[in-house]
Amino acid sequence: MASGNEPIYEIAGVDLDAIHHASSRRADIAATVERLEAEFTERHGYAPRPTQKIALAQQATLESRPAKKSARRLSELVEEWGQDYRQQVHMPVGEDLLAHVRAAAGNAPLGAEAAQIDVSEHARLVVHELSQKQATWSVNHVHAQTRRHLKDAMIGRTVPDELVAEVVREATTTHSLSVTPQADVPRLAEFTRADGTSQFIRSDAAVFTSREVLETEHQVLAAAQRTVIPAVSAERFEEVLAAHTGPLSDGQVALARAFATDEKLLSLGIGPAGAGKTTSLSLAADAVRATGGNVVGLAPTAAAAAVMSEDIGAQATTIDAFLIAHRTGRTGAAQLSAGDVVILDEVGMVTTGKLAELVAVAARHGAVVRAIGDDRQLGAIGSGGALRLLDNEVGATRLEAVHRFRTEGEAAASLALREPPAVGADVPWAWYLENRRVVAGDTEAMTDTALRAWITDTQAGKRSLLIATDNATVTDLNARAQAARIATGQLDASGESVVLRDGLTAHAGDVVVTRRNDRTLQLNGGRDFVKNNDVWTVEKVGAEKATLRHTGHGGKITLAAYYLSKHGQLGYAATVHRAQGATVDTAHAIVDSATDRAAAYVAATRGRETNQVYVALSEGQSRDEVLEAIAGAYDRNLSAHETVAAEAMRTGDVATLGEVYRETADAAWTAKTRAMAVDVLGASKAADFTDTEAWGAVATHLHTAQEAGMDPAELLNRAVHQRGFGGAEDPAAVLAWRLEQQIEAAQRVLDNADRRPLGNLTDEHLQKLADRTGVAQTPPRVEDPDWAERPFALMPSERLANTLRLGRDQLEALPPERWTSTTAAKLEWMTQTMGAEQDRRAHLSPPQAAVEQIARGERTRTDSHITIGEAITAEQQVRAVASKTPAPVPVADGRRVSEDLAPSPLITDAQVPVQYREQLERLRTRLEERVMVRGAELAETRPEWAAALGPVPAKPAKAAEWHQVAAEVEAYRNRYNVPAHETALIPQAHHDDPAAAALIQRATALHKHSALTTAAPQTPEQVRRTVDEAHVAERVRTTPAPAQETVEALRTTRGQAADPLPAPQARQAAVTAAATSGGEDSTTNRQKLIDAAVARYRAGQANERPTSQEQDTTSVSQNKETPMTEPPHTPQRKSLHQLGQEQAEQARKAHAAKYPHQQQKDAPTPQRTTAQQKAARAAAASQRAQQAQRDTGGRSL
């Protein structure tokens, strides 16, 4: 199995020599170094100095690296490889190799045939296998896992594509749960793919999980909710704390106290790198041992477990070994007893399944689990995310102060790199850049620079570590480091060597790392064994073996060369995963654009004295671009519960819905222009235009005209009848070009509106004036009343002359081969038409010229002697190009989305086909709903930019306005990728955008209203209730994804347990209960259903508040009677009885007998009625929820 638990298939008959030939370097580094030094001495007349030897070693490393080859045909490569293996390795190739492999395979059993495969069963197995590897998956993951699974089931046979497709379909539709809700997209033909899916949804966008994954996460959440007897009493912990020597921060004491005295089966601690977690764990372990309990340490790796054992003074092993021992019943030293404490380190790297199994084991034996980790470091390789899930849904005790670093300011800098701030600018690299901890360059330069710095540190006697994010760079660094040691005489490479798994060789004196746990390879009298990530120094290399000395405890062991060829590599450099948990003097980390934030944080926090970051740039990249990409890549390994919420948020994103709406509106407009074309051209002729690609340009021009206040139908009519289309190859393209000219001319008319003395008259008034002056009955004095319809008639004379001259110059400049092109034809038509227009103007009568010049804005009406009738006629002709459609009416009352986000005129436009209007109405309604919900959420989370809106007003109408503006501002910021750390409402660069200016104006008005009003703003409780009610309405009106329904059902199950839900979960449960418990409602009116659900929510909240107040009064009374030296605590015996589990009860009794000082001294509570029990339980739940909100980390320590 590979490191990711994927099977590795070996081809029978291929020996190790052939494998090493493919992977090893083409020349021995030591020999190359020796040759280069000799050449240097001969050329310069003296031996190279140490710095020059390092440079020669770098050159030797490069020369021994396989050369990069240019792209070549596969057939050429295969022929070359065949010749190489035939001559160098004497291995058969081609058909001979196939026959050799088949002979070597012999009578190996074949797998099942395709006809024997049970599609449903294998689909179930595929989903089960995925559930062990990741919390969620896409159809691509299912496809890949299906191929792997069927390859194993049908070994030796060809896996048909049709069978793979069947299993994938069954796995995704039957055995997986969809996490992605149904998207709100238009149901229109132009947006639908051939397979019926929407173009707005990526084909692989759907996310899936399984009930197995969700139930596993449910088990972990239930364990954190379950109350048990604490391992240590508060009094005993205080005694141990008083006896402790050495400095302790408040955070370290709080973490130790929580781990020792907490009453939950599972408790969580979170702390950044260097925060002193080890000190807290040691204190907690001392308290447990002082009580008579036992501490068992667990870690993801054996090497980390060994360090943990030494740090906390307790036996420690890997979580895998511990779980296997309990599965098989051979627990040995891993045996648990009531009152024991299991401390799990680096819980973020543990899969959720293993954590759930661990708490189940602990519960069976009456023990408790205490997990510690950092949710911002590297996560589990598998189905993970439990650390962050527990923190969000239950709460954790946090360590904030960092103690590792010796440079002033680096502790705060590491926290800034660890995660983005809740408010304020995200500047994770500021300190590192200011203190010259970051350098950038191409990969070769950065590798060389990092190595030289590492050499300097190691020569100064410091423990230094080279770190890279990929194995290839680690191998290259290892080779360079080894070459440098050879060149400087620190390593003698003249003796025997052993080949390692990375193709490099190890000599006596080299540092190597073992990469596989093997408990059969023991040392130090059986007290230790060879572990993954153990670091060794090679003492001696002999025939087919090597003697290694552990760099930690100094134990020695002799390993076979075969083991090292499979599981050994040079240990001068490490991947980020291997470096996590290490602490050295200095660290030198190479990162690139593929590095995520968690990896960068781990890499930049290993060193006490210095941590240097080397940014490897690809072609065209800048340092700041790569650093920004790294900072933005985080939160990738989410739990299924978190992904359910994230997918719901993604599909309901206001900015995304706004984009979908705008594209649908564009499609509706194009459909309207087709209707215009039918009106102007007739149905049969219109199709010749609208069915071509160029019609999109026509539609765009018409939309531009509409937005500019023109009449698109009139301009289209003029462009069509301007002249015929003759033999145009693409009449729609010609029409688009004509429209451009018509729009330009119409724009000049509109720009000249201030010079029109009759421009302010209404059409009705103007017509009455025309009737009175007899213009309508008397022919106009101008010779050509339709002059404005001529091409270029409205273009000012000066511009007409300049454009004509430019067109003629361009026509003359065309090369002969382009004389017959479309461009030449357009230029020829333009110049001829413009020339004809110039000639026409030269021969106009004075009255005709006066009318045209006034219309073109070339002369004012005051210097004209035309009559009022002529002015009226001219005004009517100019007015014909202006839009006759009234401006969009304001958004109707109660609609919570602006015209900037979702323009509505097309919804009521009769020229728009009805199916488009229906889709626009549906999408706009959905946008309004999401704006309402998202605005309420922003009122509670209050990002820093929301300060520009002021507090949320108490008046419902103003609060709704606040929600609308906040949601639309966020949508605008998301649309233009405004970073979260930008504190301005909308950055200055966008202020010229009318939509941005409108949002700023609305926000300013809200802020002024809040400053001037005497009414108090909404309280946090009112804001919270508004959010919950919005979520209730959202839950009623939408159909959740199947995964979300499962999450809700599992949360309901936890809510029925004896112990109350933690506050975040209780709040979610209240929303779900109100939205889904109206089974008796027979109405189909959605708004009535929403109103009823909100009423149920309010009734539930009203019922809880008096009980909570009564409980608070009782608590205060009890606290007054409690001595100050003894903190009040919840009675333990009653909580365990409520658990109702026989094994837990037996464990409690055993623990009580062993530790009598922890027993409850209160008198038994008289039997109460069911109603009283429910009331008491509700009161306790409310009290715990309120206390959880007050306590740091979400619940009481």
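Author: Welcome! Residues are numbered from 1 along each chain as its sequence is written. In this predicted model, local features need pLDDT of at least 70 and side-chain atom pairs count only at pLDDT 80 or more, while totals for chains, interfaces and linings use all residues, and side-chain values use heavy atoms, with hydrogens and water left out.

Reader: How many salt bridges are there?

Author: A salt bridge here is a side-chain nitrogen of Lys or Arg within 4 Å of a carboxyl oxygen of Asp or Glu. By this rule, the count is 56.

Reader: Is R718, which pairs with E714, buried or exposed?

Author: The closest N and O atoms of R718 and E714 are 2.9 Å apart. Buried means under 20% relative accessible area, exposed over 50%, and partly exposed in between (1.4 Å probe, protein chains only). R718 has 9% relative accessibility, so it counts as buried.

Reader: Which residue forms a salt bridge with R924?

Author: R924 is buried because its relative accessibility is 0%. The N to O distance is 3.4 Å, and the partner is E928.

Reader: Which residue forms a salt bridge with R1086?

Author: R1086 is partly exposed, because its relative accessible area is 39%. The closest N and O atoms of the pair are 2.6 Å apart, and the partner is E929.
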